[in-house]
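Subject: Structure for you to look at

Hello,

Here is the structure I said I would pass on. Please open it next to this message and follow along.

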Amino acid sequence: MAELLAIQPCLWFDGSAREAMMYYVDLFPNSRINSIVEYPDAALDEHFVGMSAKVLNGSFTLDGVDFAGRSSPRTSPI
């Protein structure tokens with residue numbers, strides 16, 4: 001069993017948290033996605049436009065170590 005950490009790492013992804021979490025879970029043994037909460041519908045708030053079905057918050061475990069992940073909306077063009 002993994003040792004509990006005082007701080008849980010949180011990884012922010014530019015709109016691709018679900019894909020990144022799936023990639024890392026496939027890469028490391030003893031790994032899994034624990035939960036995914038998606039952004040609300042864009043009709044609720046203009047800040048959610050383009051984020052439908054993206055990960056607002058996610059929890060995943062990589063080789064026994066827990067992480068949080070989220071998709072960040074783009075604030076400026078790249």
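Predicted model: local features only at pLDDT ≥ 70, side-chain atom pairs only at ≥ 80, totals over all residues.

Four strands form an open sheet in the order S1-S4-S3-S2, and their pairing is mixed. The edges are taken by strand S1 (10-13) and S2, each of which has a single partner strand, so one side of each has no neighbour in the sheet. On average, neighbouring strands of the sheet are turned by 20 degrees against each other, direction ignored. Helix H1 packs on this sheet and touches S1, S2, S3 and S4. The direction of H1 makes about 5 degrees with that of S3.

S1 is joined to strand S4 (residues 65-71) by four bridges, and the two run parallel.

In soluble globular proteins, nonpolar side chains tend to be buried together. The largest nonpolar core here has nine residues: Phe-13, Ala-17, Ala-20, Met-21, Val-25, Val-55, Phe-60, Leu-62 and Phe-67. H1 supplies the largest share, four residues.

Val-25 is one of the core residues. Leaving aside residues up to four places away in sequence, Val-25 touches Ser-31, Arg-32, Ile-33, Thr-61 and Leu-62.

Aromatic pairs

The count of aromatic pairs is two. Tyr-23 and Tyr-24 make an edge-to-face pair, with 5.4 Å from centre to centre and 65 degrees between the planes. Tyr-23 has a relative accessible area of 51%, and because over 50% counts as exposed, Tyr-23 is exposed. Tyr-24, at 28% relative accessibility, counts as partly exposed.

The other pair, Phe-60 and Phe-67, is stacked, with 5.6 Å from centre to centre and 20 degrees between the planes. Are Phe-60 and Phe-67 buried or exposed? Both are buried, and both are also listed in the nonpolar core described above.

The salt bridge

Side chains of opposite charge can pair when their charged atoms come close. How many salt bridges does the structure hold? It holds one. The side chains of Glu-38 and Arg-18 form this salt bridge, at 2.8 Å from N to O. The pair links distant parts of the chain: Glu-38 is in strand S2 (residues 32-38) and Arg-18 is in helix H1 (residues 17-27), 20 residues apart.

How accessible are the two partners? Glu-38 has 40% relative accessibility and counts as partly exposed. Arg-18 has 23% relative accessibility and also counts as partly exposed, because the buried class holds only values under 20%.

A loop residue

Finally, find Val-49, which lies in the loop between S2 and S3. Val-49 is a valine, yet with a relative accessible area of 57% it is exposed. Val-49 and Tyr-39 are ten residues apart in sequence, and their C-alpha atoms are 9.7 Å apart in space.

Regards

Methods. Residues numbered from 1 in each chain as written. Heavy atoms only, no water. Salt bridge = Lys/Arg side-chain N within 4 Å of Asp/Glu carboxyl O. Buried < 20%, exposed > 50% of the residue type's maximum accessible area, 1.4 Å probe, protein only. Core = buried A, V, L, I, M, F, W, Y, C linked by side-chain atoms within 4.5 Å. Contact = heavy atoms within 4.5 Å. Pairing = 2+ DSSP bridges. Axes fitted to C-alpha atoms, helices over the stretch in contact; angles between N-to-C directions. Phe/Tyr/Trp six-rings, centres within 6.5 Å; stacked < 30°, edge-to-face > 60°.
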